[in-house]
Amino acid sequence: MRKINKIAVLGSGVMGSRIACHFANIGLEVILLDIAPRELNTNETSKGLTLDHRSVKNRIVNSALTSSIKANPSPLYRKSEANRIQTGNFDDDLHKIADCDWTIEVVIENLDIKKKVFTKVEKHRKPGTLITSNTSGIPIHMMLEGRSDDFKKHFCGTHFFNPPRYLKLLEIIPTPKTDQAVTDFLMNFGDKFLGKTTVLCKDTPAFIANRVGVFGIMNLFHIVEELEMTVGEVDKLTGPILGRPKSATFRTCDVVGLDTLIKVANGVKSNCPNDEANAQFTIPGYISEMEKKSWLGSKSKQGFYKKGKDENGKKTIFELNLKTLEYGPKSKIKSPTLELAKAEDNLARRMKILVSGKDTAGEFYRRIFSNLFSYVANRVPEISDELYRIDQGMKAGFGWKLGPFETWDAVGVKNAIGLMQKSGIKPASWVLEMLEAGNESFYKIEQGVKQYYDILSKTYKKIPGTEQFITLDNLRDSSVVWKNIGTTLFDLGDGVLNLEFHTKMNTMGSEVLQGINKAIDLAENEGWKGLVIANQGENFSAGANLGMVFMLAIEQEYDELDFAIRYFQKTMMRVRYSSIPVVIAPHSLALGGGCEIALHADKVVASAETYTGLVEVGAGVIPGGGGTKEFALRLADETFDGDIELPSLKEKFLTIGMAKVSTSASEAFDLGYYKKGRDRIVVNQDRQIAEAKAAVIEMANAGYTKPVMRKDIQVLGRQGLGMVYAGAHTMYCGKYISKHDKLISEKLGYVLCGGDLTSKTKVSEQYLLNLEREAFLSLLGEKKTLERIQSILTSGKPLRN
């Protein structure tokens, strides 16, 4: 029955201010407090202020929060969320925590200072409220000395990873004194409301993710030195090819800060003398030298990489030679193993290719995998009784697509044991016992449910907390209804279908459009309740298949182009006007066509981290899959009320014309891509498809009926066109836009205003779709448009604003 309405964050540093922002993101009232300054700065002195002045006493906290709000990427879903955060200082405002349901301490990593803060907290904290620490390594139980029984009962470690908005991991570390109900509440709240993968940890040094992650980095440091590998080579081998972030290893170290990494490594080394890999936490010589030189990474402007200029004065990035500690050009990588692995899209199958390599890369992979597998197996049950928690920690905290045990499964448990034994590494006894009992993997899927091997019971069990998740990969062997080269249609149960895209970047070409139409056909004709369109790839959809459009335009196949655009428009209208509810569940990039399909859905269930927009102007065209039509329709529905017509037209025009992309699902509502009162946001993406399925069932059970196509869309005609054309002409004359941009602006305005009509007129959706398609096709005939599209295709990057 516990509810959280108001939270206090004590400490406004990088972590504290960003944690406060994320709590504000989910609608909570936040009090952010920090120490008062001990001396005036130059500006305060010049103004004649004293240390007792309110602005002076709140300078540290206000400066920290302002810095966080300005950060890119932003810690806030939208800037206005900051209005929920009230700042103050420990001297004047600590009493305000009496009104808070949860107080989280995020002060400096010093046990004595934390204890002093908790002593003050006890004077004001309301009994029964939550009190937690965001420490990244100090033993949680050591903070309880001198605390009351009620404090101990409601105290726990809550370790967020930085940046809190974007990294999904939240480690929950109870003490023996923590009430089980408190632990259960935090596990659930972090999952449902903060959008986190909540991982229950034992109170051991560095907890789970940092313990394993820092071991992996330190072990790699030593292997790299032995194999005489370069910084660039290692980052090429430990990035996306391995299912890990683009920042890979050394770039990640630069971002995190070498001093931070050294501190954690030294902490584990000193606090874990019985760790069989204790020697691996010894700082290598080249790392010690970098620390002495203060080459700590981004914070010191140089680390393993350094920005500079080449001999021609061109900006470039240099990498560190680990032998000479001199900077030079980024190394070029040639590896047969890498080339073979690139050809395999399936990450699990790719792992076997990597460890089978005959070159230095293959040896590198065999060594890091063997050491990692041995290390995580030996950490059970020290840091966790269940192996899946280690995988969850590494995936959510370090951005790995496969956790250590999942990677081991991909390599093959028996195969990896052989590699370990060849290297003189003794596998953990429980792993050998598992194999002897005929269990050949750490995970298995039964009836669409992923199960893990439980060491204690020596049986497979369902992963707790995942019962309400729907994972499409778990359904591939049992629930596929239909598929083609670009899509797969799943039976989600309870009469609901799910269409998944799986093209490159989930772009929408003919195979995806065929899949959408087929899914709706089956749902309508075979008695299904409705359809979810969702996937769990990197992106929901980066838009239409520009390669196909470019090819047809270059070959001047205008009849084919006209057919393709009509087919796209008809498919979007099919999504809107089918006899079954269609729910779209976008995440990450939902651009161009990926945005247009959401505009036509009965409901959107968006991940909080969805970046959506109509970006076609960047390719020299306007949205041609119903997006421009839909903005004209929404303009009519939202604004035809006297004087606000032209300002609203300008707003809609600029949203498309400037290719505005939301920085969150919340901002997508502000930009008009999602509808308030109809669409909704899911903070935890793991729950998204299940929530979308529930929305389909709710609409179906409420007696869903097929909508009627609109013929009552009021447009402005010449009244609006005058404003658009005048604005475009002014921008062109002022040399703010090119002649081609002026043409695009005029075409966009022409569709939004309903064409060259003498007065306000009511038109149909089909009328607007025809205008949209004609404008799109005419722009494709422009040389400048084709040049833009070619440039985008050459870059290999998604079209964004």
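Start with Ala 695. Its relative accessibility is 6%, so Ala 695 counts as buried; the cut-off for that is under 20%. Keep in mind that this is a predicted model. Ala 695 sits in helix α28, which covers residues 688-701. What does Ala 695 touch, once residues up to four places away in sequence are set aside? The partners are Val 583, Lys 603 and Val 605. Val 604 also deserves a mention. Along the chain, Val 604 and Ala 695 are 91 residues apart. Their C-alpha atoms are separated by 9.3 Å.

Now the whole protein. We have 32 helices and 25 strands. Along the principal axes, the C-alpha atoms fill a box of roughly 80 × 70 × 65 Å. Of the 801 residues, 56% are buried. Next, contacts between residues at least 6 apart in sequence. Among those, 70% join residues at least 24 apart. The accessible surface is about 35000 Å². Carbon and sulfur atoms account for 51% of that surface.

On to empty space. Rolling a probe the size of a water molecule over the atoms shows where such space is left. How many cavities of 30 Å³ or more does a search of the whole structure find? One. The largest cavity holds about 40 Å³ of space. Its lining consists of Leu 242, Gly 243, Arg 244, Met 351, Phe 369, Trp 400, Leu 402 and Thr 407. By class, that lining is five nonpolar, two polar and one charged.

Take Thr 407 from that list. Thr 407 belongs to helix α18, residues 404-411. With a relative accessibility of 4%, Thr 407 counts as buried. Beyond its neighbours within four places in sequence, Thr 407 contacts Met 351, Phe 369, Phe 373 and Leu 402.

Next, an open space: the second largest pocket. Its volume is about 740 Å³. It has 42 lining residues. Which of them lie nearest the centre? Gly 543, Ala 544, Asn 545, Leu 546 and Gly 547. The elements that give two or more residues to this lining are α21 (510-525), α22 (546-554), α23 (558-576), α24 (593-599), α31 (765-780) and α32 (783-795). Helix α23 provides the largest share, six residues. By class, the pocket lining has 26 nonpolar, 11 polar and five charged residues.

Last topic, the backbone. Most residues other than glycine have a negative phi, and most peptide bonds are trans. Here are some exceptions.

Two cis bonds first. One runs from Asn 162 to Pro 163, with omega near 0°. Pro 163 lies in the loop between β6 (155-160) and β7 (169-174). Another runs from Val 380 to Pro 381, with omega near 10°. Pro 381 lies in the loop between α16 (360-378) and α17 (387-398).

Then two positive phi values. Leu 325 has a phi of about 55°. Its place is the loop between β10 (315-320) and β11 (327-329). Leu 325 is buried, at 14% relative accessibility. Asn 506 has a phi near 55°. Asn 506 sits in the loop between β17 (496-501) and α21. Asn 506 is buried too, with a relative accessible area of 4%.

That's my tour. Over to you.

How values were computed: Residues numbered from 1 in each chain as written. Predicted model: local features only at pLDDT ≥ 70, side-chain atom pairs only at ≥ 80, totals over all residues. Heavy atoms only, no water. 1 Å grid on protein atoms, 1.4 Å probe; cavity = no way out; pocket = protein on both sides within 12 Å on 5 of 7 lines; lining within 4 Å. Points joined across faces, edges and corners; volume = space filled by probe spheres on them. Helix = DSSP H or I, 4+ residues; strand = E, 2+ residues; numbered from the N terminus. Nonpolar A, V, L, I, M, F, W, Y, C, P; charged D, E, K, R; others polar. Buried < 20%, exposed > 50% of the residue type's maximum accessible area, 1.4 Å probe, protein only. Contact = heavy atoms within 4.5 Å. Areas by Shrake-Rupley, 256 points an atom, 1.4 Å probe, with all protein chains shown as cover.
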